[in-house]
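Biologist: Could you take me through this protein model step by step? I would like to begin with the overall picture and then turn to particular places.

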Amino acid sequence: ALDTAEHYQKRAESAAAESERLSGLLPEAKRLLDSMRKQFAPSVLALTAGDATHPNGNGTIEDNIDETEAALEAAADKQKRAAKAFKDGQFLKAADLLGQAQAHHEIAQHRISEITEKHARLDAVSAANALTRESLKAALAQAQQLVEDASAMQPTIKLVATAKTQLSKAGKALDAERVDPFQAAELLAAASQSLDQAKTFAQNDADAMAQFARALKAAYDQLDEAGKYAQQVRQQTGDSPALRQVFKKLGTLGDDYEAAAKVLQTPHSDWPTADLEADRITSEAAQQVAILKHQAKAAADANEAVSTAADRVREATMRAPGTAGSEALDQARAAIRNGDYEAAQRFAAQAAQEAADAIAQVEAELQRQRQAEEDRLRQEAEDRRQREQQEEQRRQRSSGDDTVSPAPTPAPEPDRQDNSGNSGSDWGNSSSTPDPAPSDNSGQSESQF
């Protein structure tokens, strides 16, 4: 009996001390909650995915003070009833009542912790928002400079405009009289993502423009080779219907080249589409050489391979860093100009493979990132479910009081975010040879075709 009395007395004293400690925390918790109500939007008081999980929460800290006071009152009542039961010799009942008082104390602590944790999170997010805002202002200025470059295409320009709008919305949210830092953080994150994409797009645009310039140079070289060879054949064999058809086709291709060359001097053009046109000119000019050499089939096969490789290289240029396959593609085009169609096919296959490898690497990384995110979310949901299940089991063991609220249902896992020119172009003129090709960055010059 003496041991029982001593054990009870220690538990009762511990319960009383805990009541006193929690009561002492209430004033500061009230002050923090009042300051959040005055400083921030009402929406911040809701408990969201970024907040710590506590048992028996109701999704908000708005009424946490009332909940804490109610829990402390219930604990005090259980302590009083325990004292009476012990005095009456009802030792088991007294012990059970003290256990219930302890459960009320834990609920009170959870509600107070939700307030202090929310306040700390608001301070941290607010500070981070201020730094992010300044960082994104600098990033936006840099992005705006990037899209002023002639290489920037319209999708990139529009993306920077979108980022500017998103950053403006975030700024208004941050400057509101009663701000929701969490909502502002989401707006800043959206603007950050747009600016990151714009930076990548701008580099892809520059690569695509450079790729088009190389394709245009290849078209010029192929037309020059075809024109020279046609003149040589005419001098050796004389005129013929087939030869006249070749000169006519070369003249048309010369006009097409002039139009394509103007595109290179036009800022913010659609470089992939222009690249397709330059590749077509190269391909059709090479076919004329093949006809002249009675190698039409070999030329067609080689040009088909180069066109296919060009498609792959163009795709890789827009989807992966750098210009994978460009060097091999240039070698393939050079081989076609030289009439080495076997080498052209070999280099084209190499270019296509290099481009495909680059795309596959990017796709593999994206898949890895998606899988990692799915795994992380799944593990977080499972960890949260286990914690809440363990807490419910512990609470059920430690409390038999019907007034204790049931554990919350775990929140659902979030879903997973030509004009053809003059037909009399010099390319088809039997008495002249075109001037050398303009450099990739040259301005507009008089047509030599």
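Biologist: What kind of secondary structure does the protein have?

Modeller: This is a predicted model, and its secondary structure consists of ten helices and zero strands. Read from the N terminus, the order of elements is α-α-α-α-α-α-α-α-α-α.

Biologist: How much of the protein is buried?

Modeller: Of the 449 residues in the protein, 39% are buried.

Biologist: What is the mean pLDDT, and which helices have the lowest and highest confidence?

Modeller: The protein has a mean pLDDT of 84, with 85% of its residues at 70 or more. Confidence is highest in helix H4, residues 154-174, at a mean of 95, and lowest in helix H8, residues 296-319, at 78.

Biologist: Where does pLDDT stay under 50?

Modeller: One such stretch covers residues 414-425, for which the model has 19 contacts beyond four places in sequence. Another covers residues 430-449, with 42 contacts of that kind in the model. Where pLDDT is low, the predicted coordinates should not be read in detail.

Biologist: Let us turn to H7. What span should it have, and what does the model give?

Modeller: Helix H7 comprises residues 271-292, and at 1.5 Å a residue its 22 residues should span 32 Å; the end C-alpha atoms are 32 Å apart, which agrees.

Biologist: Why is H7 described as largely enclosed by the rest of the structure?

Modeller: The reason is burial: 16 of the 22 residues of H7 are buried, so the helix is largely enclosed by the rest of the structure.

Biologist: Is His268 buried, exposed or partly exposed?

Modeller: His268 counts as partly exposed because its relative accessibility is 24%.

Biologist: And His105, where is that?

Modeller: His105 is in helix H3. It counts as buried because its relative accessibility is 4%, under the 20% cut-off.

Biologist: Which residues does His105 contact, leaving aside its neighbours within four places in sequence?

Modeller: His105 is in contact with Ala15, Glu18, Ser19, Leu22, Leu72, Ala75 and Gln79. As for Leu22, it is 83 residues from His105 in sequence, while their C-alpha atoms are 7.7 Å apart in space.

Biologist: Now H9, please. Which of its residues are buried?

Modeller: The buried residues in H9 are Ser326, Ala328, Leu329, Ala332, Arg333, Ala335, Ile336 and Arg337. This helix, residues 326-337, has twelve residues and reaches 16 Å from its first C-alpha to its last, close to the 16 Å expected at 1.5 Å a residue.

Biologist: How far is Glu327 from Gln350?

Modeller: Their C-alpha atoms are separated by 9.6 Å, and the two residues are 23 residues apart along the chain. Gln350 lies in helix H10, residues 341-398, and counts as partly exposed because its relative accessibility is 36%.

Biologist: Lastly, what can you say about the second largest pocket?

Modeller: The second largest pocket holds about 310 Å³ of space. It is lined by 13 residues, and those closest to its centre are Thr48, Ala49, Gly50, Arg121 and Glu186. Helix H3 (91-148) and helix H5 (181-237) are the elements that each give two or more residues to the lining.

Biologist: Which helix gives the most, and what classes of residue are there?

Modeller: H5 gives the most, with four residues. By class, the lining has six nonpolar, four polar and three charged residues.

Definitions and conventions: Residues numbered from 1 in each chain as written. Predicted model: local features only at pLDDT ≥ 70, side-chain atom pairs only at ≥ 80, totals over all residues. Heavy atoms only, no water. pLDDT = per-residue confidence, 0-100. Contact = heavy atoms within 4.5 Å. 1 Å grid on protein atoms, 1.4 Å probe; cavity = no way out; pocket = protein on both sides within 12 Å on 5 of 7 lines; lining within 4 Å. Points joined across faces, edges and corners; volume = space filled by probe spheres on them. Nonpolar A, V, L, I, M, F, W, Y, C, P; charged D, E, K, R; others polar. Buried < 20%, exposed > 50% of the residue type's maximum accessible area, 1.4 Å probe, protein only. Expected span 1.5 Å × (residues − 1).
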